Amino acid sequence: MRHSHNTAEKRRQRLRWLPAAVIGCAFVIDYSTLGGINVFPLLAAAPGTAAPLLSLRGTIATGVAANVAGLVLVLLEREPARDDLVPFTSLILLTVVASVLNVLLARDRRQLRTSREVAAAVQRAVLPELPRRVGPLAVASRYEVAHEEAAIGGDLFAVHETPHGVRILLADVRGKGLQAVRTVNALLGAFREASDHRPDLPGVVRQLEDRMRVGAAQADGAEAESFATAVVAELPPDHSVLHVANRGHAASLLVHDGKVHALEPATPSLPLGLGSLGGDDVPVDRFELPVGATLVLFTDGIDEARDTEGTFFDPVPVLTRPLPSDPETVLDTLLTAVLRHTGGKLQDDAALVAVTRVE
């Protein structure tokens, strides 16, 4: 979340000079044309430009500056006349309108910021805080709240050390709000219980699937049709191989020695909550996880992030470079790149987990 906030603030700081630039352009045009072009419409645009960018004081100051600039231009060319009352009165009225808009916009921003802060606080309370070290793995996680959203999302993650190995869950529940919170809580509880008591990964996935079915049977409306894409992974106690069960989710990435390998499932599976449509079989893929390699899991807030032209973000090229064997650095690199791609804001919440095998 700090990445998107910093980027948006820098962009806002750059745009603060725009109202002054509008007034400056009016001076340049008037001087270069020797007063042959009426620049009062351009001066009138200055307070309107200031309203969404500056404070109330700054908006009023911009309006005053536009009026002073107009007066100076008139005095440089001729004596003021009665006809000048109309453009100057218009400038004053537009400054008043811009000030009112500034107050309304500031109030809406405060309300939206408060809503986002509440959503982020609830999300942090719901999601477990992951330890930095679990068994042979160094762990890092991030949760980025969407710039345009003020609702609690359904992204979740968990890492749990068990007698059967280290087990990892990353999922994205359909929907937002209280419906998503209930499903997130149910999945986190089911994952912890299943991880401790189920000896194999398919058993863990089946228990998550059962929990989704029970929740759907007890609900109504949109919640009864809820499902969750998920990746459930396991590193057994002997660290021999990485087991991954992908339930309709984006492929995780394995970063090692400057190369990135997408862990695509050999057999596609339906999301949690829809498993009954595809049978009880739980395909599990096996991959090598060498020492120093980093497994990166993320929700669709990352790979479905778009730039101004609608192009989706591709995380593979970003991570295909020499990176330290450090999950924190890997996630920082990924988030910096995706926010640069989108212009500093995400269209959807994003949850990320990176684990590096350190021994």
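The structure is a predicted model, in which local features need pLDDT of at least 70 and side-chain atom pairs count only at pLDDT 80 or more, while totals for chains, interfaces and linings use all residues. Residues are numbered from 1 along each chain as its sequence is written, and side-chain values use heavy atoms, with hydrogens and water left out.

Helix 10 spans residues 327-342. Helices (H or I, at least four residues) and strands (E, at least two) are DSSP runs, numbered from the N terminus. The 16 residues of helix 10 reach 23 Å from the first C-alpha to the last. This is close to the 22 Å expected at 1.5 Å a residue, the expected span being 1.5 Å times one less than the number of residues. Buried residues of helix 10 include Val330, Leu334, Val338 and Thr342. Here, buried means under 20% relative accessible area, exposed over 50%, and partly exposed in between (1.4 Å probe, protein chains only).

Six strands form an open sheet in the order 1-2-11-10-7-8, with antiparallel pairing. Its edge strands are strand 1 (133-134) and strand 8 (259-263), each pairing on one side only. Two strands pair if DSSP finds at least two bridges between them. Strand 11 (residues 350-357) is mostly covered, with eight of its eight residues buried. Ala350, Leu352, Ala354 and Thr356 point one way from strand 11; Ala351, Val353, Val355 and Arg357 point the other way. Eight antiparallel bridges pair strand 11 with strand 2 (residues 137-144). Among the residue pairs, Glu144 has Ala350 as its bridge partner. Strand 10 (residues 294-298) pairs with strand 11 over five bridges, again in the antiparallel sense. Phe298 stands opposite Leu352, and Thr294 stands opposite Thr356.

A five-strand open sheet has the order 3-4-5-6-9, also with antiparallel pairing. Strand 3 (155-162) and strand 9 (285-287) each have a single partner strand, so one side of each is left without a neighbour in the sheet. Neighbouring strands of this sheet are turned by 15 degrees against each other on average, direction ignored. Axes are lines fitted to C-alpha atoms, for helices over the stretch in contact, and angles run from 0 to 180 degrees between N-to-C directions. Strand 5 (residues 228-235) and strand 6 (residues 242-247) are joined by five bridges. Ala233 has Val244 of strand 6 as its bridge partner.

The whole structure holds seven salt bridges, each a side-chain nitrogen of Lys or Arg within 4 Å of a carboxyl oxygen of Asp or Glu. In helix 7 (residues 201-218), Arg213 and Glu209 are four residues apart, about one helical turn. Their salt bridge has its closest N and O atoms 3.6 Å apart. Arg213 is partly exposed at 32% relative accessible area, whereas Glu209 is buried at 5%. Glu209 also forms a salt bridge with Arg247, at 3.8 Å. This pair links helix 7 to strand 6, 38 residues apart. Arg247 is buried as well.

Arg132 and Glu328 meet in another salt bridge (3.1 Å, N to O). The two residues lie 196 residues apart, with Arg132 in the loop between helix 5 (85-126) and strand 1, and Glu328 in helix 10. Arg132 is exposed at 63% relative accessibility, but Glu328 is buried at 19%.
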